[in-house]
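Reader: I would like to learn how to read a nonpolar core and a set of paired strands. Could we go slowly, please?

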Amino acid sequence: MTKEGRKELIVSAIQNGTVIDHIPAHAVIRVMRILGLDQCPQQVLFGINLDSRKYGKKGLIKVQDKFFDSLEINKISLVAPTATLIEIRDFEVVVKKHVEIPETVEGFIKCFNPKCITNHEQIITRFAVIDKTDLKLHCHYCEKITKKENVVFI
Amino acid sequence: MKNRSLVSITDFTKDEYLQLLDLAVRFENNPIQKILEGYVVATLFFEPSTRTRLSFESAVNRLGGKIIGFSDAAMSSTSKGESLMDTIRTVSNYSDLIVMRHPIEGSARWASEVASVPIINAGDGANQHPTQCLLDLYTILQTQGSLENLNVAFVGDLKYGRTVHSNVIALTHFNTTFHLVSPEELKLPSSVKMHIKNNNLNYYQYTDINEVISKVDILYMTRIQKERFSDVLEYERVKNSYILHNKMLENSRNNLKILHPLPRVNEINVDVDNNPKAYYFEQALNGVYVRQALIASILGLA
């Protein structure tokens with residue numbers, strides 16, 4: 001078996017579906033949870049700590065027969081800003097693009113302010129992203145800013 | 001403005017605020033009317049208040065409306081663990097408008113999303129207090145003749161002072177120059193300064209109140225609270241530096257007015273009260289007219 005062949009066995013090709021590549025190794029499970037891949041019926045493969053020329057180590061997810069719209073996929077940008085979205089149809093790459101940080105974030109991030117109503121009653125959190133480079137999330141309810149270092153996932 | 005809630009100072013446009021201030025003048029000239037006859041306004045105060053609650057109640061009573069509500073969360077089923085959502089949904093059925101004050105930030109915004117009647121935020125934790133801001137603007141307009149191009153100083157607790165935050169944000173619509181006086185620990189938060197910068201306006205920061213007195217048209221005093229300081233010794237060091245005495249006003253402008261949202265503790269010495277530039281009690285009275293204008297607009301009666 002050639003070295004090339006052995007590489008192929010580690011990450012097999014899919015016919016139709018989505019590959020999310022260049023995920024920071026520690027964020028793979030989080031990304032799957034955000035996209036609901038821990039509960040979807042499609043075949044899902046994931047790899048953690050794979051070798052990456054660009055990043056040293058990376059994570060990767062492959063989902064058979066499932067495609068995501070930008071709104072959904074951009075959610076993962078908050079944990080995996082380096083991620084690449086690849087759409088495959090008939091073994092051919094038809095879309096390849098970076099995820100982008102969205103304008104609003106709903107539901108999966110906790111408000112940092114312990115005195116925010118979202119931390120006292122059952123309310124879905126909502127934030128406006130007011131700074132994409134140095135992540136700042138403005139809470140729709142308490143109006144306080146949750147910064148990148150204080151981001152906690154629900 | 002009909003049927004719209006007022007939760008944050010950013011909810012209404014500059015023009016809408018100017019309309020409200022105009023309307024408030026008419027109510028000041030004629031505060032006793034019957035336009036709210038048949039209407040029920042709920043005042044839900046989960047937290048203490050003198051001025052805000054009573055001025056809302058006075059506003060409604062003088063317009064012929066009726067009040068229901070509570071002035072302490074312990075007097076409601078909140079003490080049994082009832083959620084805010086359930087409380088609001090219930091009270092929506094008994095009233096045409098809800099005025100609420102609650103210690104948790106974002107509570108009024110949430111209430112406005114679950115209520116079937118409009119909500120007026122009378123203060124949500126350290127976040128917003130938009131009606132105070134409105135009456136402050138009304139007072140500034142009343143005493144300065146215009147809201148444009150003023151030099152306004154905010155003194156004291158600029159970090160947690162929600163009235164300061166709302167006023168700064170509102171004044172950015174009027175080409176104001178801001179003079180911010182506070183201890184280092186209590187500076188204006190960057191999220192509020194962002195509004196100043198976004199409108200290409202200037203702010204200057206000081207730790208000594210004496211530096212600003214001769215420069216400004218409005219001196220807005222706020223209370224410095226001991227419990228806000230992580231270092232008690234720091235509080236002891238600064239607590240007397242932000243007290244206004246009458247003699248400090250010697251070089252102030254003729255048109256200067258001293259405002260304070262009240263209650264005051266010691267930050268404005270009583271020797272200031274007889275100075276014609278002291279305007280804090282008139283400011284509180286303006287609250288009735290502004291709230292009348294707001295309630296009438298939201299209920300579509302003006």
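Predicted model: local features only at pLDDT ≥ 70, side-chain atom pairs only at ≥ 80, totals over all residues.

Reader: Which residues touch the most other members of the largest nonpolar core?

Author: In soluble globular proteins, nonpolar side chains tend to be buried together. A nonpolar core is a set of buried Ala, Val, Leu, Ile, Met, Phe, Trp, Tyr and Cys residues joined through C-beta atoms within 7 Å. Here the largest one has 118 residues, and those touching the most other members are A:Val31, B:Ile98, B:Leu137, B:Ala153, B:Phe154 and B:Leu219. Its largest share, eight residues, comes from helix α9 (residues 280–298) of chain B; helices are DSSP runs of H or I, at least four residues, numbered from the N terminus.

Reader: Is B:Ala284 buried or exposed?

Author: A residue is buried if 20 or more other C-beta atoms, placed from the backbone, lie within 10 Å of its own, exposed if 12 or fewer, and partly exposed in between. B:Ala284, in helix α9 of chain B, is buried because 21 other C-beta atoms lie within 10 Å.

Reader: How many bridges join β8(A) to strand β9 of chain A?

Author: Strands are DSSP runs of E, at least two residues, and two of them pair if DSSP finds at least two bridges between them. Four bridges join β8(A) to β9 (residues 136–139), which run antiparallel, and A:Phe127 stands opposite A:Cys139 in β9(A).

Technical notes
Residues numbered from 1 in each chain as written. Chains lettered and ligands numbered in written order.
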